[in-house]
Amino acid sequence: MINKIKRNFNNMSITMKITLWYTSFVIILISAMLLMSFFITDKITGDTNKRELIKAVNEIISDPDEFEEFDDGIFFLKYDDTGEITAGNFIHGFDERLPLKESSLSSYNSKNGKFYYYDMKIYEDEWIRGVIPVSKITQETSLLSLIILILTPLLLIIIIYGGYKIIKSFLKPIEKISDTALEIQKSGNFSKRIELGEGKDEVHKMAETFNSMLNSLENFYLHEKKFSSDVSHELRTPVSVILTESQYSLQFADNMEEARESFEVIERQSKRMSELINQIMELSKIERKDKIILEKINISNIIEKIMEDYKNLLIERSIKINTYIQPNLFIYGEKVMIERLFDNLLNNAMKFTENKININLYAEEKKCILEVIDNGIGIPEKEKDAIWNRFYQINISRNKEINQGFGLGLSLVSKIVELHNASIKVDSEENKGTKFTIIFSLLNQG
């Protein structure tokens, strides 16, 4: 039974749960207040009547000649030693034959009301009894209490209904948030947002946070969707070429020489696929990192060694190289990532330059500045923001057949810059060239 009640309670809406708790609390509170008010009223009025009665009887004891049958709301009766009334009037609703008890304050209830009476001996054979009915104030108080008791259920209904409506009104935005989340779950439409209007309370802040989270989810979803589409697109061409060459070789190759030509094509396309997969894995590996362990590295030595490695290749491609590398510049970084960063920027410059590349590395105002400048075709203004996106490629490049890429290099550069808490900017003018500038925090110069 208890488990069933708990299960039903857990299945209730939050509005109903709060209303039930709130109702229980209000009922307990009002009941306690009523009981306390009844007790205190009865105590105060009863004590007042009793004190007045004892005081009046004692005054007559001290001066018997001042006896009056009725004075200030109190009736007085005189009895002889046998209990017979010798003075005083009949009191409506009170039993005058009640036994006498010296110095005893007693109460008597009848259908006509409640009385307090107090007995004392005046002399050895004479008694006096004071009788006071429950005061008018007490009766009015009792009537008021009765009215409150009758009206309390109605008041409770009004309070509970009003509370329910208020709670429901306050929880309506939360219901809207829940409905929106459910709708997104069913439809998979991440463009939905919670619209609550203006407000700065906790619910509005929660809705704003929820909308921010939806923005992130939508961006992530669109990003991954585009990434999957781009990967599929990039892999489709080499796979198609490999299949075509394989089928051609099987069906039409008459000798080893013709088959070898197909094998060479298949090998090139396979290498291209392998290179693409490696770049995707490397980019994914870096993008999963929120932070990396940075060490003090000599970036001047790193750039100089890479330039030495590229010397012959640059000569072969007839690219003039100018370098200004300030020695012994230190930054906090990861050596392999810095090598990858510069390698990608240099390769990018070699693809698009006309015939010259400038490499500058120098310190300036506690910063370490790395510049890679080419005199190539430049980047159109409308494409500057897009070059950091994965698989984005500018269609025109120098020696396109030699410099085929996948559009992942600058995405990789951007992520490495972010992990090193550095910044990167690109200045470019069409048909004049492009300059990439990376700014690191400089440790010292040696």
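A residue is called buried when its relative accessible area is under 20%, and exposed when that area is over 50%. These cut-offs are applied here to a predicted model.

The buried residues are Gly409, Leu410, Ser411, Leu412, Val413, Lys415, Ile416, Val417 and Leu419. Just after H8, asparagine 421 has a positive phi of about 55 degrees.

Helix H3 covers residues 136-187, and threonine 180 lies in it. Threonine 180 is classed as buried because its relative accessibility is 9%, which falls under the 20% cut-off. Leaving aside residues up to four places away in sequence, threonine 180 is in contact with Lys192, Arg193 and Ile194.

Isoleucine 150 is also placed in helix H3. With a relative accessible area of 59%, isoleucine 150 counts as exposed, since the cut-off for that class is over 50%. Isoleucine 150 belongs to a nonpolar surface patch, together with Leu143, Leu146, Ile147, Leu149, Leu151, Leu154 and Ile158. The accessible area of the patch, taken together, is about 780 Å². In an α-helix there are 3.6 residues a turn, so residues three or four places apart point the same way.

Methods:
Residues are numbered from 1 along each chain as its sequence is written. This is a predicted model: local features need pLDDT of at least 70, side-chain atom pairs count only at pLDDT 80 or more; totals for chains, interfaces and linings use all residues. Side-chain values use heavy atoms; hydrogens and water are left out. Helices (H or I, at least four residues) and strands (E, at least two) are DSSP runs, numbered from the N terminus. Buried means under 20% relative accessible area, exposed over 50%, partly exposed in between (1.4 Å probe, protein chains only). Contact means heavy atoms within 4.5 Å. Patches are made of residues with over 30% relative accessible area and no salt bridge: like charges are joined within 9 Å, nonpolar side chains (Val, Leu, Ile, Met, Phe, Trp, Tyr) within 5 Å. Accessible areas come from the Shrake-Rupley method with a 1.4 Å probe; for residues, only the protein chains shown count as cover. A salt bridge is a side-chain nitrogen of Lys or Arg within 4 Å of a carboxyl oxygen of Asp or Glu.
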